Amino acid sequence: PDFKNVVWESDHNKGMLAGVESVSFAKDGRRIASCAVDNLVKIWSVRTGRLLTTLSGHSDYIRACVFSPDGNILVSGGADRDLKYWDVSQSMWDELGERELLGGIGAEASASMKVAKTAKNLWLSGLSWSASGERLASACADGQTCVWHVDNGTELARFEGDGTLFPTRIRWHGSEKKLYRSGMGDCATPWEEQEDGQWKQQGAVLKHEGSGLWEMRALRDGKTICTLSSNCVFFWDVDTASVKRKLPLPIHSEDGI
């Protein structure tokens, strides 16, 4: 495909990127959401970099935002301990009179955005939707992980105990019964739901060798986890916790060359 650079404005209060904590792409590939320390969520056109709309309602800074698998709901959460479910479906854009989504509708549409519902959470640091969109997992700053039923906002499970410090990354893998979580350290720990509905640490831990673990993603094959360190991308076999492939990251000089 023919990619080109798109530059966003530098100030999140009028545009973006002052203390941005998290970003998420919608399934359609046309929208990207960002959240920041200014307590706002902003949705952008990927093609043009223009601001589509602004979501306000959090009372403290936002640590994570993520689109649902179908792109119709955006969930955000952070230091105010609220999970907010925003309606960002096509019907919402139609109500705003949007005819060319890629071109942008402007920040003036923000007043028309409605929060669908709010669920009480712990001080939140990470979010992940299950593939079906029926469950949401949240990583909390006190070390706990919560699993939520999206339709009614009820808490299905809460667990901790693997030694993860300040968990910031939580990812579903394969079925809706397995999660990986990581935090300030170099490990990703697997958890699985048991028949009685309880969650248990189960399976091989993925451990980087002294290079930190900055991000992770589950691949669709159900057998591979991709993790990012300070200098490499790792592809792991989840059954054996062995590295299948290791890709060194390019080293850039200070002038970007």
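An open sheet runs in the order β18-β19-β20-β21, with 4 strands in antiparallel pairing. Its edge strands, β18 (215–218) and β21 (242–248), each pair on one side only. Neighbouring strands are turned by 20 degrees against each other on average, direction ignored. Strands are DSSP runs of E, at least two residues, numbered from the N terminus; two of them pair if DSSP finds at least two bridges between them. Axes are lines fitted to C-alpha atoms.

This is a predicted model: local features need pLDDT of at least 70, side-chain atom pairs count only at pLDDT 80 or more, and totals for chains, interfaces and linings use all residues. Residues are numbered from 1 along each chain as its sequence is written, and side-chain values use heavy atoms, leaving out hydrogens and water.

β18 and β19 (residues 224–228) pair in the antiparallel sense over 4 bridges. Here A218 stands opposite I225.

Now the rings. The structure holds 4 aromatic pairs. Rings of Phe, Tyr and Trp (its six-membered ring) pair if their centres lie within 6.5 Å; planes under 30 degrees apart are stacked, over 60 edge-to-face, the rest tilted. Two of the pairs are listed here.

| Pair | Type | Centre to centre | Between planes |
|---|---|---|---|
| W172 and W199 | edge-to-face | 6.1 Å | 70 degrees |
| F234 and W236 | tilted | 6.0 Å | 35 degrees |

W172 lies in β13 (residues 169–172) and W199 in β16 (residues 199–201), so the pair ties together parts 27 residues apart in sequence. One aromatic cluster is formed by F159, W172, W191 and W199.

Methods: Axes fitted to C-alpha atoms, helices over the stretch in contact; angles between N-to-C directions.
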